[in-house]
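I opened the notebook to go through this model step by step. My entries follow in the order of looking.

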Amino acid sequence: MPRPVKQGFGFALRMAQQGERHEQCKTLKGFGGAGVIEVVEDFESDTYRAVYTVRFEEAVYVLHSFKKRSHRGGQLPKPDRELISSRLRQAQEEHHEWISDQKGE
């Protein structure tokens, strides 16, 4: 990804860590609520997306980032949607394990 895109994503993620929301972020539909967020950055003639979750108080998990390939509006391609779902499940499992470790269980 181009440097300005990485910087834009990094800034949006830093805001998420601080409990704030970047103006270019929106809730990604189809993932059970407002906890999965998408940020979109345009650079030259390309569009890039980063998807992260704020479902956990202690952490922000980046689930996927990619260059948008299709020009079919804002619809998320099925392979990307499936990858995000899989990584969200993995993040939930890892976070649960981390919380258990912190509690000494």
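**Entry 1: contacts and overall build**

I began with contacts, counted when heavy atoms lie within 4.5 Å. Of the contacts in the protein with a separation of 6 or more, 40% come from residues 24 or more positions apart.

I noted the ground rules next. The model is predicted, so local features need pLDDT of at least 70, side-chain atom pairs count only at pLDDT 80 or more, and totals for chains, interfaces and linings use all residues. Numbering starts from 1 along each chain as its sequence is written, and side-chain values use heavy atoms, with hydrogens and water left out.

Then I listed the secondary structure. Helices (H or I, at least four residues) and strands (E, at least two) are DSSP runs, numbered from the N terminus. I found two helices and four strands in the protein. Along the sequence their order is α-β-β-β-β-α. The C-alpha trace spans about 50 × 30 × 20 Å along its principal axes.

**Entry 2: surface and charge**

I looked up the accessible surface, computed by the Shrake-Rupley method with a 1.4 Å probe; for residues, only the protein chains shown count as cover. The protein comes to about 7,000 Å², and 46% of this belongs to carbon and sulfur atoms.

I sorted residues by relative accessible area: buried is under 20%, exposed is over 50%, and partly exposed is in between (1.4 Å probe, protein chains only). Of the 105 residues, 33% are buried.

For charge, Lys and Arg count as positive, Asp and Glu as negative, while His and the chain ends are not counted. Each charge is placed at NZ of Lys, CZ of Arg, CG of Asp or CD of Glu. I have 17 positive and 16 negative charges, with their mean positions 7 Å apart.

**Entry 3: walking the strands**

I took strands as paired if DSSP finds at least two bridges between them. Strand E1 (residues 25-27) runs antiparallel to E2, with three bridges. Thr27 has Ile37 in E2 as its bridge partner.

Strand E2 (residues 36-43) and strand E3 (residues 46-56) are antiparallel too, joined by eight bridges. I checked two partners here.

Tyr48 is opposite Lys67 in E4, and Thr53 is opposite Tyr61 in E4. E3 and E4 make a hairpin with two residues between them.

**Entry 4: the turn at Glu44**

What is the phi of Glu44 in the turn of the E2 and E3 hairpin? I read a positive value of about 55°. The hairpin has two residues between its strands. Glu44 is not a glycine, yet its phi is positive. Glu44 sits in the loop between E2 and E3. Its relative accessibility is 75%, so I logged Glu44 as exposed.

I looked for residues that are apart in sequence and checked their C-alpha distances. Lys6 is in helix H1. Lys6 is exposed, at 52% relative accessibility. Lys6 and Tyr48 are 42 residues apart along the chain, and their C-alpha atoms are 9.5 Å apart.

Gln7 belongs to helix H1 (residues 3-17) as well. Gln7 is partly exposed, at 47% relative accessibility. From Gln7 to Glu41 I count 34 residues in sequence and 9.9 Å in space, C-alpha to C-alpha.

**Entry 5: aromatic rings**

Last, I checked ring pairs. Rings of Phe, Tyr and Trp (its six-membered ring) pair if their centres lie within 6.5 Å; planes under 30 degrees apart are stacked, over 60 edge-to-face, and the rest tilted. How many aromatic pairs does this rule give? It gives one. The rings of Phe56 and Tyr61 have centres 5.3 Å apart and planes at 75°, so I logged the pair as edge-to-face. Phe56 and Tyr61 are both buried.
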